[in-house]
Amino acid sequence: FWVGLDGWWNNTVEQGGSEAYCATVGGAPTYNLWWEMFPTNSIQTGLVINAGDKITASVKYATATSVFTITVKDVTSGRSLTKHELCGTGLVCSRSSADVITEDVGRFGSGNYFPLAKYGTMRYAAAGVIDTAGNTGTISGSHWLNAAVTESSGGITYATVGPLSSLGNAFSTTWKHQ
């Protein structure tokens with residue numbers, strides 16, 4: 001579960017979020033907050049959290065310093081992680097998209113995806129965007145396009161995305177298949 005910039009039309013993603021995984025099939029779940037500046041580094045685990053904790057996350061860019069600030073907070077415990085990062089050397093972090101995503105990010109080597117955690121329904125709320133021109137709004141804002149992306153592979157739908165709220169700033173994703 002993450003928010004970020006880029007990734008839709010380019011090969012960089014500046015992101016932060018939370019994860020739920022089991023180290024072995026049938027093993028005990030682990031929950032963490034994390035951040036990543038893809039492809040410069042892999043996911044960097046920051047804090048262990050508990051199932052059901054309320055999480056907030058943001059990725060902001062400061063034009064004056066070219067620094068991305070990735071903040072992920074466990075509102076339930078009050079703990080958070082914040083990273084200040086530059087775009088990787090030789091890369092272009094164009095901030096061409098903003099993302100609010102539920103997905104399975106890993107694969108077994110070059111094979112199948114890791115089993116998607118059976119998370120039920122995840123609710124995202126108060127999502128907002130400020131674009132490179134300074135336009136501010138919700139996901140459904142008139143200054144940009146928005147799309148709901150359903151995770152599927154090989155004819156299997158892993159998760160579905162619900163409709164945007166009437167304010168255009170909230171939606172849910174629902175687990176469908178491991």
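1. Start with strand E6 (residues 67-74), where the side chains alternate. On terms, buried means under 20% relative accessible area, exposed means over 50%, and partly exposed is in between (1.4 Å probe, protein chains only). Strands (E, at least two residues) and helices (H or I, at least four) are DSSP runs, numbered from the N terminus.

2. Before going further, a word on provenance. This is a predicted model, in which local features need pLDDT of at least 70 and side-chain atom pairs count only at pLDDT 80 or more, while totals for chains, interfaces and linings use all residues. Residues are numbered from 1 along each chain as its sequence is written, and side-chain values use heavy atoms, with hydrogens and water left out.

3. Which strands pair with E6? One is E5 (residues 55-62), antiparallel to E6 over eight bridges; another is E7 (residues 79-86), also antiparallel to E6 over eight bridges. Pairing here takes at least two DSSP bridges between the strands. Thr69 is a handy place to look: Lys60 stands opposite Thr69, and in E7 the bridge partner of Thr69 is His84.

4. Now the turns. The hairpin of E5 and E6 has four residues between the strands, and Ser66, in that loop, has a positive phi of about 60° although it is not a glycine. Ser66 counts as partly exposed, at 33% relative accessibility. The hairpin of E6 and E7 has four residues between its strands as well, and there Gly78 in the turn has a positive phi of about 85°.

5. Two other backbone spots deserve a look. Most residues other than glycine have a negative phi, and most peptide bonds are trans. Asp6, in strand E1, has a positive phi of about 70° without being a glycine. Asp6 is buried, with a relative accessible area of 0%. Then there is the peptide bond from Phe38 to Pro39, which is cis, with omega near 5°; Pro39 sits in the loop between E3 and strand E4 (44-48).

6. How many disulfides are there? Taking a disulfide as a pair of cysteine sulfur atoms within 2.5 Å, the count comes to one. Cys87 and Cys93 form it, with their sulfur atoms 2.1 Å apart. The torsion about the S-S bond is about 80°, so the disulfide is right-handed. As for cover, Cys87 is partly exposed at 23% relative accessible area, whereas Cys93 is buried at 11%.

7. Not counting residues up to four places away in sequence, Ser18 touches Phe1, Asn32, Leu33, Trp34, Ile49 and Ile55; contact means heavy atoms within 4.5 Å.

8. Thr30 lies in strand E3 (residues 29-38) and counts as partly exposed, at 28% relative accessibility. Leaving out residues up to four places away in sequence, Thr30 touches Glu19, Ala20 and Tyr21. Thr30 and Asp53 are 23 residues apart in sequence, and their C-alpha atoms are 13 Å apart in space.

9. Ser96 is in the loop between E7 and strand E8 (98-101) and is partly exposed, with a relative accessible area of 34%. Neighbours within four places in sequence aside, Ser96 is in contact with Asp6, Trp9 and Asn10. Asp6 is the buried residue with the positive phi from point 5. Ser96 and Ala127 are 31 residues apart in sequence and 17 Å apart in space, C-alpha to C-alpha.

10. Trp9, one of the contacts of Ser96, lies in the loop between strand E1 (2-6) and E2. Trp9 is exposed, with a relative accessible area of 58%. Together with Trp8 and Val149, Trp9 makes a nonpolar surface patch of about 380 Å².

Notes
Patch = residues over 30% accessible without salt bridge, like charges linked within 9 Å, V, L, I, M, F, W, Y side chains within 5 Å. Areas by Shrake-Rupley, 256 points an atom, 1.4 Å probe, with all protein chains shown as cover. Salt bridge = Lys/Arg side-chain N within 4 Å of Asp/Glu carboxyl O.
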